[in-house]
Amino acid sequence: MTVASISFRGVTKRYAGAVVAVNHLDLEIYDKEFVVLLGPSGCGKSTTLNMIAGLEDITEGELRFDNVIVNAIPAHKRDVAMVFQSYALYPHKSVYENIAFGLRMRRVDRAEIDRRILDAASKLAISHLLQRRPSQLSGGQRQRVALGRAMVRQPAVFLMDEPLSNLDAALRISMRAEIKLLHTAMQTTFIYVTHDQAEALTLADRIVVMSDGVIQQIGSADEIYERPRNIFVASFLGNPQINYLHGTIDAVNGTPLFQCRELRIPLPPTAASYVGREVVLGIRPEDVSPHYDPPGVLSISGKVESVLPVGSDRFLGLRVEDRTIFVRVGKESHYREGERVTLGLTPERLHLFDAKTGVTLRGGGA
Amino acid sequence: MSAQARFSRTALLAISSILLLLYVLAPIAWLVSSSFQSEREIVSKPPHWLPQEPTIGNFAAIFTSHERSVTYETRRATDPASGGFVPSTAKNLLPSLRNSFIVACTVVVLNLLIGLPAGYAVAKIRFRGRQASIYAILATRVIPDIALVVPFFLFIRNLGLLDTLASLIVTYLAITVPFSVFILINYFESLPDELDKAARVDGCSRWQTMTKIFLPLVTPSIVAVILFAFLVSWNEFLLALMFTQTPQSQTLPIVIASFTSDFTISFSFINAAGVLAILPPVILALIFERYIVAGLTVGAVKG
């Protein structure tokens with residue numbers, strides 16, 4: 001069974017005890033796409049992946065591969081391969097046998113198995129490890145073996161469940177690049193689960209942000225980052241986190257104004273329809289500039305509480321009204337603690353959310 | 001810790017170990033030693049821990065007992081003090097050894113055939129009633145065997161299985177399977193769920209996942225189950241006493257016990273039979289020695 005597209009239609013997964021892991025999921029995944037399911041732990045992303053693999057039953061709704069309902073097809077009859085966070089290598093088998101196992105189960109002939117394994121092993125630089133046991137490998141090597149085991153299957157769908165979470169930081173970044181290359185080389189659908197926003201942003205064609213078993217937003221990395229649909233998505237992406245200021249929208253001479261105690265930030269005219277509402281203003285740390293021109297148009301001032309250099313960058317902890325916001329300033333900047341500063345804001349980069357529902361108010365900024 | 005304290009600690013441990021070993025091994029040592037002694041030497045005072053006139057006469061008697069018939073009259077003709085006589089039921093010993101062996105091996109095999117799929121299923125498959133079945137399995141272990149004797153007897157009688165090996169196999173399974181399943185569930189649970197998932201994605205059905213991936217990994221617990229089921233079946237006395245009446249189904253413990261209620265008691269012969277009875281478990285333990293510790297501590301660590 002080769003699969004071109006996967007579609008979830010109203011899929012719900014309920015565990016005994018009425019815990020709802022995935023709630024009425026609608027999702028289309030297209031052929032050869034790299035989709036990342038992103039969310040905090042317990043958001044239902046792994047459950048979603050397991051349902052694609054056939055490892056978990058679907059309580060309600062339909063899962064289709066190419067328009068064929070596959071709800072009842074067991075895992076071993078689906079053409080999917082999976083890489084696990086713990087690698088899940090068979091401890092009693094050599095690396096070669098680990099990689100060969102899936103092919104042997106599918107009765108691929110010996111010569112072909114050998115050819116595919118040697119090919120994958122050389123691509124992953126594990127040719128010299130084929131006779132070892134998993135226990136004799138490092139974490140990174142085990143991860144490569146797990147990738148190899150999935151690669152040789154030449155599956156229609158390639159599933160990965162937090163495959164890099166057990167690796168150290170440096171290795172994680174280099175493996176990330178390799179996985180991206182692998183996707184280009186293999187020309188198959190990749191579905192990747194992670195809670196690491198950096199992985200999602202680098203790898204995905206499309207990101208599916210999930211929380212509490214519900215999809216919060218689907219979109220490209222840029223869409224999700226630049227135009228989050230709600231506070232959850234805005235908070236989940238971005239490091240350091242987006243800053244929030246609670247306030248109301250007033251109008252002064254017809255110009256909408258964000259007001260939070262003494263602080264007033266003029267907003268684009270498009271925000272006029274929200275006058276009187278209680279809102280949350282979101283400012284990403286990088287969306288400020290030390291220069292604002294013309295002065296006074298869109299700016300924010302506060303007292304510098306802390307200066308945090310992080311090598312390539314420098315962040316300021318800025319006391320604005322009753323809270324501290326973190327903003328990124330150039331490495332060359334020379335702010336000092338205790339100093340009062342005014343920084344420029346870009347109107348189209350502000351995010352405005354409804355204070356009650358957390359939903360983005362379009363036209364408020366971005 | 002100072003050197004002196006360390007020395008006293010080691011010494012204390014060594015002395016305690018030796019005392020414990022003596023306590024455990026002394027009866028076995030006497031059993032083995034006395035099986036090579038004549039009846040006269042056994043009753044000598046003080047006892048001889050090492051036979052002074054070793055004899056294999058007792059063992060020879062076991063293997064030749066079917067050739068002679070022992071009655072009250074022929075018994076009187078022999079000299080009780082020399083050990084040259086055997087109990088009247090002696091000829092049942094070898095058939096009972098065979099019976100015990102058949103029963104124990106069948107129980108072991110069936111324990112594995114039932115226990116492995118059950119252990120895998122309960123540990124790795126989420127199904128309705130899973131928790132309830134674990135409790136049900138454990139609950140059967142709370143009931144003492146003696147409470148089951150009468151119901152078992154009625155069952156066995158109504159099934160027409162009295163005085164057959166099948167009666168023993170069926171009832172021993174009822175006693176051993178729950179605990180075997182319990183050992184296996186714990187061991188399966190200690191292996192990561194992701195292995196199970198990986199195997200299934202790799203193309204294994206549930207059954208193949210169990211046989212191809214998990215079976216090689218649960219060897220220590222399989223050994224624990226083999227030893228447990230074998231020993232329970234091998235040593236069981238109460239149920240065997242109830243259900244078996246003739247040599248065709250009597251097991252070793254029953255026959256050996258019958259020697260003590262004979263015309264005259266021959267300790268040397270009983271002890272030789274005792275040595276024969278402990279040999280199979282000892283051999284089994286030696287074969288699986290390197291797995292025993294791992295297997296028996298499984299339930300202790302997790303569960």
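At what angle do helix H11 and helix H14 of chain B pack? About 175 degrees, with their axes 11 Å apart. Axes here are lines fitted to C-alpha atoms, for helices over the stretch in contact, and angles run from 0 to 180 degrees between N-to-C directions. H11 covers residues 219-235 and H14 covers residues 267-287. So H11(B) is roughly antiparallel to H14(B). The cut-offs: under 35 degrees is roughly parallel, over 145 roughly antiparallel, 65 to 115 roughly perpendicular, and the rest oblique.

A word on the model. It is predicted, so local features need pLDDT of at least 70, side-chain atom pairs count only at pLDDT 80 or more, and totals for chains, interfaces and linings use all residues. Residues are numbered from 1 along each chain as its sequence is written, while chains are lettered from A and ligands numbered from 1 in the order in which they are written. Helices (H or I, at least four residues) and strands (E, at least two) are DSSP runs, numbered from the N terminus.

H11(B) brings B:Leu227, B:Phe230, B:Leu231 and B:Trp234 to the contact. H14(B) brings B:Pro280, B:Pro281, B:Leu284 and B:Ala285. Contact means C-beta atoms, placed from the backbone, within 7 Å. By class, that is 8 nonpolar residues, no polar and no charged. Nonpolar is Ala, Val, Leu, Ile, Met, Phe, Trp, Tyr, Cys and Pro; charged is Asp, Glu, Lys and Arg; the others, Gly among them, are polar.

Now zoom out on chain B. The tally is 15 helices and 0 strands. There are two domains to look at: domain 1 is 3-82, domain 2 is 92-301. Those bounds come from an automatic or database domain assignment. Their centres, over C-alpha atoms, are 30 Å apart. Domain 1 gives 16 residues to the contact, domain 2 gives 13. On the domain 1 side, helices H1 (3-35), H2 (39-42), H3 (57-64) and H4 (72-77) of chain B each supply at least two residues. That side divides into 8 nonpolar, 6 polar and 2 charged.

Last, chain A. What is the strand order in its open sheet of 4 strands? E2-E1-E4-E5, with antiparallel pairing. Strands pair if DSSP finds at least two bridges between them. The edges are E2 (19-29) and E5 (68-69) of chain A, each pairing on one side only. Between E1 (6-15) and E4 (60-65) of chain A there are 5 bridges. Look there for A:Ser7, which stands opposite A:Arg64 in E4(A).

Notes: Two residues are in contact if their C-beta atoms, placed from the backbone, lie within 7 Å.
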